Amino acid sequence: METTRTISLPAMGCGTWAWGNRLLWGYTEAMDEQLRAVFDRCVASGVTLFDTGDSYGTGKLNGRSESLLGQFSQSYQGPHAAEICLATKLAPYPWRLTRKAMIRAYEASSRRLGRPVDLVQMHWSTANYAPWQEWPLLDGLADLYEQGLVQGVGLSNYGPKRLRQVHQRFAERGVPIVTLQVQYSLLSTYPVTELDLKAVCDELGIRLIAYSPLALGLLTGKYGAEGPYPSGLRGAVCRQILPGAKGLLDCLGAIAAERDKTIAQVALNWCIAKGTIPIPGAKSLAQAEQNIGALGWSLGDGEVSALDEAAAQVDKAMVQNIFQSR
């Protein structure tokens, strides 16, 4: 059994989490070259961790997110090409019931990517509704590492109790858990402030990845506390949350002005200051440039504390992922 392999993770990833969801809603082939430009710009700037999932771009798109990411990584020849780290999440669909099902899911993702997956992750825990289903799938995840098919394994949407259980089971097989993904931002501090997941991850040697670090765009400065708000579901979320988050938005704005940064860059840098790897989405070069601008500088302790206090005063936080386990 090989237990000495390691995987190198950068300080920040360009997450295809948001990318994948956008592929489900309004993707067209005309977007391919635009997304390729985003990928190239990120890697050239040293942002080399790309996270996706086998459920992103499913249905008629047939795993399009993984396919595009594979194409882009194979064709890229610029700086940092050797450092590209491709991560995907395998969904515990109801029809995936055995460890072999997990291995087959990995093989399908690898085919779409056109290369082995560097970091493979369980997309969510079934502990809240079908705990009996989860262990065979987790065993399959560990099998992938033992067979040398991946450099590392990770989890997503796991709470401290379930995380410790999985960690113990994997440790008995000599399989390290490299990462844990949770929904984390200034509008979603629950995994750290309530579940204490950062401390648990530090104890177990696991890197914490923050998905949705800009809270579906509510922390980009695009929408003010008083509006105007966009239409549809995003507008409804804005109306529910932003009026009670005025203090946080004001604090972000003041720090951004002082630092000559954008509000989004300050929000992302706060995630980094908390010891997490944020994975913001980007579907345009402008969004990629903004994300990249969160790197190369650090908020001061006083600024982090001010943001913490402002976040604690928000009337209503983002709704947590329903699959987040305890």
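Guide: Let's begin in the sheet: strand β4 (residues 152–156) is joined by 4 bridges to strand β5 (residues 177–183), and the two run parallel. Please keep in mind that this is a predicted model.

Visitor: What makes β4 and β5 a pair?

Guide: Pairing asks for at least two bridges between the strands. β4 and β5 have 4 bridges, so by the cut-off of at least two they pair. As one example, G154 has T179 in β5 as its bridge partner.

Visitor: Why is β4 called mostly covered?

Guide: Buried means under 20% relative accessible area, and 5 of the 5 residues of β4 are buried. Both of its faces are covered: G152, G154 and S156 are buried on one side, V153 and L155 on the other. In general, side chains in a regular strand alternate between the two faces of the sheet.

Visitor: What is the order of the strands in the sheet, and why are β1 and β7 said to stand at the edges?

Guide: The open sheet has 7 strands in the order β1-β2-β3-β4-β5-β6-β7, with parallel pairing. β1 (49–53) and β7 (277–279) each have a single partner strand, so one side of each lacks a neighbour in the sheet. On average, neighbouring strands here are turned by 25 degrees against each other, direction ignored.

Visitor: Which helices pack on the sheet, and what do they touch?

Guide: Among them is α3, which touches β1 and β2 (85–90), its direction making about 155 degrees with that of β1. Another is α5, which touches β3 and β4 and whose direction makes about 175 degrees with that of β3.

Visitor: Is V175 buried or exposed, and how do you know?

Guide: Its relative accessible area is 3%. The cut-off for buried is under 20%, so V175 counts as buried. V175 sits in the loop between α6 (160–171) and β5. Leaving out residues up to four places away in sequence, V175 touches A142, Y145, E146, V153 and F170. The C-alpha atoms of V175 and A142 are 6.4 Å apart, although the two residues are 33 apart along the chain.

Visitor: Let's turn to α2. How do you know that its buried residues line one face of the helix?

Guide: The buried residues of α2 are D32, L35, R36, V38, F39, C42 and V43. Viewed down the axis of α2, they fall within an arc of 160 degrees, so they line one face. As background, an α-helix has 3.6 residues a turn, so residues three or four places apart point the same way.

Visitor: How does the length of α2 compare with what is expected?

Guide: Helix α2 (residues 32–44) has 13 residues and reaches 18 Å from its first C-alpha to its last, close to the 18 Å expected at 1.5 Å a residue. After α2 comes G46, whose phi is positive, near 95 degrees.

Visitor: How many aromatic pairs are there, and why is the pair of F39 and F72 called tilted?

Guide: There are 7 aromatic pairs in the structure. For F39 and F72, the ring centres are 6.0 Å apart and the planes are at 50 degrees. Rings pair within 6.5 Å, and planes count as stacked under 30 degrees and as edge-to-face over 60; at 50 degrees this pair is therefore tilted. F39 lies in helix α2 and F72 in helix α3 (residues 64–75), so the pair ties together parts that are 33 residues apart in sequence. F39, at 1% relative accessibility, counts as buried, and F72 is buried at 0%. F39, F50, F72 and Y76 form one aromatic cluster.

Visitor: And what makes Y129 partly exposed?

Guide: Partly exposed lies between the buried cut-off, under 20%, and the exposed one, over 50%. Y129 has a relative accessible area of 43%, so it is partly exposed. Y129 forms a tilted aromatic pair with F323, 5.9 Å centre to centre with 55 degrees between the planes. F323, at 24% relative accessibility, also counts as partly exposed.

Terms used: Residues numbered from 1 in each chain as written. Predicted model: local features only at pLDDT ≥ 70, side-chain atom pairs only at ≥ 80, totals over all residues. Heavy atoms only, no water. Expected span 1.5 Å × (residues − 1). Buried < 20%, exposed > 50% of the residue type's maximum accessible area, 1.4 Å probe, protein only. Arc of directions from axis to C-beta. Axes fitted to C-alpha atoms, helices over the stretch in contact; angles between N-to-C directions. Contact = heavy atoms within 4.5 Å.
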